[in-house]
Amino acid sequence: MGWCSKPDKSSKTAEKKGGDKKVDDPKQPCPQDDANIVSIAWLDGADDKEVATATQWVNLPKEDKWVNGDEIKNKDRLGLKPRLKVKFDKPGSHAFKVKLLEPTGTPAYTETEKGRNADFKYTETEKSYTTDSDGTKIINGDFKLVAGGGYKFKAQAKDSKDKIVKTGELTTKRLFYYVEAKMQGLTSVLGSTADIDSEYANHHMVLKKHTALSITRQHNIGSNTDSGTLSSNVDTAVNADNTVKATKPYLLTVAYTDHLAVKHADVVISKSGVQVGPGKAKVVIGVTAAGLLSPHTVKTRYLWHDIVPGEGWFVEAKFHKDGGGTTPIPEAKVGHKGNGDYWNEVEVDVTGLAAATGRIEVKVHVVDRMRGGLALGGANQTCVCTRSWWSDRADAKQKRTIIHEMGHKVGMVADGSGDLPDKVSTHYSGKGHAGDHCYEGCTAGQANYATSANRNASTCVMFGSANSHTAFCANCEKAVKKLDIGSGW
Amino acid sequence: MDLIPDDFAKVPLGTFNESACSPAVPSGSWDGVRIDAPRQITLDVGDPVMLPICGYYLVPVLSAMDDSRLIVELTRAADGKLLRGILHEEGENEPDEPPPDDAPELSRESLQGVSTGGYFNIDAQRYLAESLEPDRYAVVVIYAGMRSNPVQVEIIRR
């Protein structure tokens, strides 16, 4: 065990000769006494291959399939429990102790975070070992790191003479794959995803992109049926590509669509006290409707047109004569007005009606809202639109949407529940935007964040409406670094 | 759960278009709110309570802009208690993409004399703080300051 025990007493021969200095001396040399610990190091792919500093991909399991020959060259770099090797300078069984030093880098997990998620706790206890007969020891699976990224770990070993050796730094990171699924025929798909990769890399999440897949065109994703079709198309494309499929469950999909517009059907607009008949002026009626979502604001809406081929805005038109009687108005007599594609008025030619006074009523379809992105049915699926409000969507907006939607998939904005880090200080939920978002830059405590003033004031990519920011704010980035994505999707 | 008439069981609730149970709209120059609901709802053991209301409104747009709350009001026959809830649909988590700042907006002046109308198919229970007990209820919907016709609904538990 490295220590030599002192005999209880000197031998009789020694006593006759006046004592045995070696036995009586409290510091007795031991046959193994001059064995010293010389190193502790992280193993790197073989029992005899050590590495001073390395990256540990903590979210991925220790399986051959995740060794990609690029960032990950061997299984030792996978998982939460890296292997260690301790060496003494002499063969034999030598006692020593090992512990992980408190990590530096990313701020430590709080006690509440550790209480929620066992993988937010590293192994803090010191453990005792004895070398094998060759004077070395491989420690496998005894020391756990943490699920978050950017934590810099060192292990320390101490021999029985309190000689201390340490490893170099092992830095934790997370890695996941993503694949773009592009609808055929799109003309304004995001050109480069480098900024997306870079933003996540800033928070110790490395994104690996597969070659893009091609999926069937859908001109609009507006209903649950549309979303279901898209989700199914993405699944089919992923499952047909063995390289992509093999990276499940650490795979996110980003589908590029045309519009993500929501139709409000059968809206009625009406104007009373109008005069109709030969020679009468056209009747112009402003297009308004209540929003389909809370707070159901009534405001200007734009007619539904040129979003889905074959779908128009007109449903029917009628004239209700004061005192009774209703006359249908043919579609050909009803036109639209507005700037560009923003058709916010209808114009009714009433000259074909008999002279009278009454009410014109027009039933139309309008755009309720357009979305920048969407989470689809599959747990790993997101989509981003390449067009909105009848125009190509700028790359910056597409990037922002992808970072935002991926943010949701990795667990943002953390609300302090389940396996998540503590609640982000600027987190909000609901209040005009469904889901968990961040109001950094806006005033705290508002009942409704869905205003243009808030959108302009917001400074985080995780704000609930499409702003101009493509980075996590200082509050959110702390949580992003701590997130546990070890289960994948 | 059985509904009488059972057409109400086929209407997707939380939708805002014309449905098979949308009420007949009065002809002529009319503003107001019209609703319809099943006259009897029979719940089986374990059934969550649901109260479908299908409605239509045509109201002055300026009034609706000033107060866009759609209020469901029920009066319980047994004790006369008034139950109120406000329409609130959150939707999915989706970053909205507002129109550009220069998209044309209508002025209030241009909307004088204009009415806005639409349909709704909702589950009133979703907006009430308390669960509806078996009883008879008088139901009205209030929107833009206009009260709908009342409808009578009886909820029975089997």
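This is a predicted model: local features need pLDDT of at least 70, side-chain atom pairs count only at pLDDT 80 or more; totals for chains, interfaces and linings use all residues.
One covers residues 1–11 of chain A, where pLDDT stays under 50. The model has 23 contacts beyond four places in sequence for residues 1–11. The other stretch covers residues 16–29 of chain A, again with pLDDT under 50. For residues 16–29, the contacts beyond four places in sequence number 13.

Chain A contains nine helices and 31 strands. Its C-alpha atoms fill a box of roughly 145 × 45 × 30 Å along the principal axes. The radius of gyration of chain A is 34 Å, whereas a compact globule of 489 residues would have one near 23 Å. Of the 489 residues in chain A, 44% are buried. Among the contacts in chain A with a separation of 6 or more, 68% are between residues 24 or more positions apart.

Strand S15 of chain A spans residues 251–257. Seven of its seven residues are buried, so S15(A) is largely enclosed by the rest of the structure. Burial extends to both faces of the strand. On one side lie Leu251(A), Thr253(A), Ala255(A) and Thr257(A), all buried. S15(A) has parallel partners. Strand S12 of chain A, residues 170–183, runs parallel to S15(A) and is joined to it by six bridges. Within this pairing, Ala181(A) has Ala255(A) as its bridge partner. Strand S27 of chain A, residues 381–385, also pairs with S15(A) in the parallel sense, over five bridges. Here the bridge partner of Ala255(A) is Cys383(A).

Elsewhere in chain A, four strands form an open sheet in the order S7-S5-S10-S11. The pairing in this sheet is antiparallel. Its edges are strand S7 (127–130) and strand S11 (164–166) of chain A, each of which pairs on one side only. Neighbouring strands of the sheet are turned against each other by 25 degrees on average, direction ignored. Strand S10 of chain A, residues 155–159, pairs with S11(A) in the antiparallel sense over three bridges. Within S11(A), Ile164(A) stands opposite Lys158(A).

Phe143(A) lies in the loop between strand S8 (136–139) and strand S9 (151–153) of chain A. This residue counts as buried because it has 21 C-beta neighbours inside 10 Å, and the cut-off is 20 or more. Beyond its neighbours within four places in sequence, Phe143(A) is in contact with Lys81(A), Leu84(A), Leu100(A), Thr123(A) and Ala155(A). Ala457(A) is 314 residues from Phe143(A) in sequence. The two C-alpha atoms are 45 Å apart in space.

The contact between the chains takes 54 residues from chain A and 39 residues from chain B. On the side of chain A that touches chain B, strand S16 of chain A (residues 261–276) gives the most, with 10 residues. That side of chain A divides into 18 nonpolar, 28 polar and eight charged residues.

Strand S16(A) has pairings within its own chain and across to chain B. Within chain A, it pairs with strand S25 (residues 356–370) in the antiparallel sense over 12 bridges. In this pairing, Val267(A) has Val364(A) as its bridge partner. Across the contact, S16(A) is joined by four bridges to strand S7 of chain B, residues 114–123. These two strands also run antiparallel. Val268(A) has Gly117(B) as its bridge partner in S7(B). Ser270(A) stands opposite Ser115(B), again in S7(B). S16(A) is mostly covered, with 12 of its 16 residues buried.

Note on methods:
Residues are numbered from 1 along each chain as its sequence is written. Chains are lettered from A and ligands numbered from 1 in the order in which they are written. Two residues are in contact if their C-beta atoms, placed from the backbone, lie within 7 Å. Ala, Val, Leu, Ile, Met, Phe, Trp, Tyr, Cys and Pro count as nonpolar, Asp, Glu, Lys and Arg as charged, and the others, Gly among them, as polar. Two strands pair if DSSP finds at least two bridges between them. pLDDT is the predictor's confidence in each residue, from 0 to 100. Axes are lines fitted to C-alpha atoms, for helices over the stretch in contact, and angles run from 0 to 180 degrees between N-to-C directions. The radius of gyration is taken over C-alpha atoms; the globule rule is 2.2 Å times the number of residues to the power 0.38.
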